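Q: Please take a close look at a single part of this model and describe its surroundings in one connected account.

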Amino acid sequence: MTMNNNRRNFLKISAAAGVGYWASNMQAAESKSPNEQINFACIGVQGKGSSDSRDASRSGNIVAICDIDDNNLDKAAKEFEGAKKYNDFRKMLDEMDKEIDAVTVSTPDHCHAVVSADAMKRGKHCFTQKPLTHSIWEARRLGEIAKENKVVTQMGNQGTSHAGLRRAAEVIQSGAIGTVAEVHVWTNRPIWPQGQGYDEAEAAPKTVHWDNFIGPAKMIDYRPNIHPFKWRGYWEFGTGALGDMACHTVNMPYMALKLRDPVSVEAVTSGHNGITYPKWSTITFDFPELNGRPALKLYWYDGGKMPDNALLDGVPRNGEGKVADSGCLLVGDKGRLYSSSDYGASFQLLPEEAYKNYEGPAETIPRSPGHFKEFADAIKGGPEPMSNFPNYAGPLSETILLGNLSVWAGKKIEWDAQNMVAKNAPEVAEIIRPTYREGYTL
């Protein structure tokens with residue numbers, strides 16, 4: 001047994017032995033000796049990575065930080081004194097293998113899979129930002145790797161832990177709005193440029209380690225419109241409006257209705273050039289019957305597109321008489337459920353007069369102590385996090401990314417979910433399962 005495995009077992013045994021005491025005495029929990037703390041390495045420490053790193057620091061020790069931008073590293077180093085600094089996650093994991101228990105992965109989307117897989121194969125617990133991966137095959141594979149290595153995992157779709165989202169799922173599952181035939185989800189994304197080409201290439205700033213940013217993707221020269229934020233709109237690095245937001249905005253109906261393994265997906269878009277995602281898209285997902293849940297359709301809208309006005313009749317408006325520019329509407333044969341929260345944390349039943357005395361079903365879904373805390377508690381022997389890779393985050397990401405597959409193909413995709421094959425579009429095999437640049441593997 002390795003030193004690291006001994007450490008992991010110690011954490012779990014300590015937690016199991018002291019769970020009652022810690023639950024009743026938080027001061028004692030915070031004053032545990034350093035050997036009882038979870039040692040985190042944080043990969044990607046600015047943007048969403050800054051809050052992920054802070055969450056980790058509240059649950060343990062930050063022993064290493066990694067970022068491709070020295071400015072980001074230096075800023076984080078002031079907050080996490082004593083953490084060793086790295087630009088390459090591979091070097092960090094090699095050199096600090098025995099000192100790291102868990103990682104946070106908050107890189108651009110195209111690096112999520114290679115970073116997470118490397119960490120999990122070394123026995124590290126893994127918290128990875130949404131979408132879990134850049135490609136469908138990667139999402140499936142990360143779930144398998146998590147199972148193979150018996151590690152705790154959680155994706156950063158924080159709405160999963162909200163009591164409001166879990167309550168909405170219970171209400172839907174109770175039959176309050178009847179049989180759901182349609183789900184409509186719209187977003188105000190993209191809020192970055194899409195539908196264009198690359199800027200002119202130029203030399204990367206001295207603080208930016210461009211080769212590490214490119215990671216497993218095809219090498220291109222540095223462009224200032226990619227790093228640090230606008231990479232989301234580029235096929236090589238991001239997953240567009242759908243990948244950025246749907247793991248949040250589709251999350252509530254996904255939990256309620258088990259929206260996994262659609263049989264077909266069809267996108268209508270402004271067109272794309274193979275470099276950036278389109279300016280707008282509408283996507284239709286067809287889900288078959290599943291364990292008694294009837295077949296239904298999910299409709300996605302981005303880039304300013306919205307559901308037909310008839311569908312929005314009775315949906316609450318703002319002071320200007322407009323529907324929220326991001327929302328989710330489930331249409332049942334008895335009523336509708338509407339949420340204007342990106343995280344699905346609040347909802348309304350429609351028509352309101354029909355539900356004014358509605359109390360709702362008993363709680364059936366356990367409530368969360370907090371999204372990151374679910375992850376940390378599980379490392380110490382607690383329940384498995386809800387948005388774990390094999391059973392929740394992976395299948396959700398597969399569903400979402402299938403929409404982008406149809407966007408790329410420009411035609412309806414007939415999908416064989418079990419085998420991850422587009423039955424009518426063999427030309428998209430490279431998008432389903434990409435090849436990596438030398439030096440990177442899953």
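A: Aspartate 52 is in contact with Thr104, Ser106, Phe127, Gln129, Gln158 and Phe372, leaving aside its neighbours within four places in sequence; contact means heavy atoms within 4.5 Å. Its side chain makes a polar contact with the side chain of serine 106 (2.7 Å). A polar contact is a pair of N or O atoms within 3.5 Å; within protein, one must be able to donate a hydrogen and the other to accept it, and residues adjacent in sequence count only if both atoms are side-chain atoms. Aspartate 52 counts as buried because its relative accessibility is 0%, where buried means under 20% relative accessible area, exposed over 50% and partly exposed in between (1.4 Å probe, protein chains only). The place of aspartate 52 is in helix 3 (residues 48–59). Helices (H or I, at least four residues) and strands (E, at least two) are DSSP runs, numbered from the N terminus.

This is a predicted model, in which local features need pLDDT of at least 70 and side-chain atom pairs count only at pLDDT 80 or more, while totals for chains, interfaces and linings use all residues. Residues are numbered from 1 along each chain as its sequence is written, and side-chain values use heavy atoms, with hydrogens and water left out.

An open sheet of six strands runs in the order 3-2-1-4-5-6 with parallel pairing; two strands pair if DSSP finds at least two bridges between them. Strand 3 and strand 6 (153–156) stand at the edges with a single partner strand each, so one side of each lacks a neighbour in the sheet. Within the sheet, strand 1 (residues 38–43) and strand 4 (residues 102–105) pair in the parallel sense over four bridges. Isoleucine 43 stands opposite valine 105 in strand 4.

Helix 4 (residues 70–79) has the buried residues Asn72, Leu73 and Ala76. Seen down the helix axis, these buried residues fall within an arc of 95 degrees, so they line one face of helix 4; the arc is that of the directions from the helix axis to the C-beta atoms. They pack against strand 2 (60–66) and strand 3 (84–86). The face of helix 4 turned away from its buried side carries the exposed residues Lys75 and Lys78. At the N-terminal end, aspartate 69 caps helix 4, with a side-chain oxygen 2.9 Å from the backbone nitrogen of asparagine 71.
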